[in-house]
Structures are given as C-alpha cells and as structure tokens.
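This report describes one protein model for a reader who is new to structural analysis. Please keep the sequence and the structure in view while reading.

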Amino acid sequence: VLYFDGDGVRQNYAEALKWFKLSANSYDRVNKYNKYRPQYMLGVLYMNGDGVPQDYVEAKEWFNTELSKVIENRIKQRDIMISDYDKVTEKYKKMLS
C-alpha cells in the first residue's frame, strides 16, 4: 500500500503491483484480518489502469476473488458464533431445569 499511496516512498504502481501479487498469493499471518485486501487492491490497479493496462475483466476477477474469500470467511465466523451460542444456550437450559 505504501507504493500505491506514495506513503514515505515515491508512488510507484508497478512496485505496488509486484507486492500486491506476492501478498495476494500468500497467507499473511501478521495481517490475518486484511489478508484479502491485496486482491482488492489488484482489482483497483486494473480497474484504473495504474501501472498496468486498464483491464475491467482482470479487475472483476480480482474483485470477485477477494469478495468470495471475504464472504467465505464471514460465513465461517457466523457459524462459529452460532455454534458457541448454541453451546451456551444449552448450558443455561440445563442450569434452569
């Protein structure tokens, strides 16, 4: 994002593209909550033609990849919450019986 924004370095979309691609294809343990952001940012680069030829098809692919991963992750989080809720609810039902 530093190269994309020019934050502390000269703005360089080609360098941003390189790092976004590296990050998009790996699991970032440090930044686990934003691990799909590079995929979104690649979509932005292709949509705007920043450092790459403007390509709406490629942009759409990156946006869809990011979106499907985010949705998948949110569904997992919801299911964990429901499972935990069901366990707690069952515990309280037993306590009240």
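Leu 22 is found in helix 2; helices here are DSSP runs of H or I with at least four residues, numbered from the N terminus.

## Basis and confidence

This is a predicted model, in which local features need pLDDT of at least 70 and side-chain atom pairs count only at pLDDT 80 or more, while totals for chains, interfaces and linings use all residues. Residues are numbered from 1 along each chain as its sequence is written, and side-chain values use heavy atoms, leaving out hydrogens and water.

The chain has an average pLDDT (the predictor's confidence in each residue, from 0 to 100) of 81, and 87% of its residues score at least 70. Mean confidence is lowest in helix 1, at 76, and highest in helix 3 (residues 37-48), at 90.

## Core and aromatic cluster

The largest nonpolar core has 13 residues, and among those touching the most other members are Phe 4, Phe 20 and Trp 62. Helix 3 supplies the largest share, 5 residues. A core of this kind is a set of buried Ala, Val, Leu, Ile, Met, Phe, Trp, Tyr and Cys residues joined through side-chain atoms within 4.5 Å.

Phe 4, Tyr 13 and Phe 20 also form one aromatic cluster. The ring centres of Phe 4 and Tyr 13 are 5.6 Å apart and their planes stand at 65°, so this pair is edge-to-face. Rings of Phe, Tyr and Trp (its six-membered ring) pair if their centres lie within 6.5 Å; planes under 30 degrees apart are stacked, over 60 edge-to-face, and the rest tilted. Phe 4 is buried, at 14% relative accessible area, whereas Tyr 13 is partly exposed, at 25%. Buried means under 20%, exposed over 50%, and partly exposed in between (1.4 Å probe, protein chains only).

## Salt bridges

The structure holds 3 salt bridges, each a side-chain nitrogen of Lys or Arg within 4 Å of a carboxyl oxygen of Asp or Glu. Lys 18 pairs with Glu 15, their closest N and O atoms being 3.0 Å apart; both residues lie in helix 2, about one turn apart.

Conventions: Helices (H or I, at least four residues) and strands (E, at least two) are DSSP runs, numbered from the N terminus.
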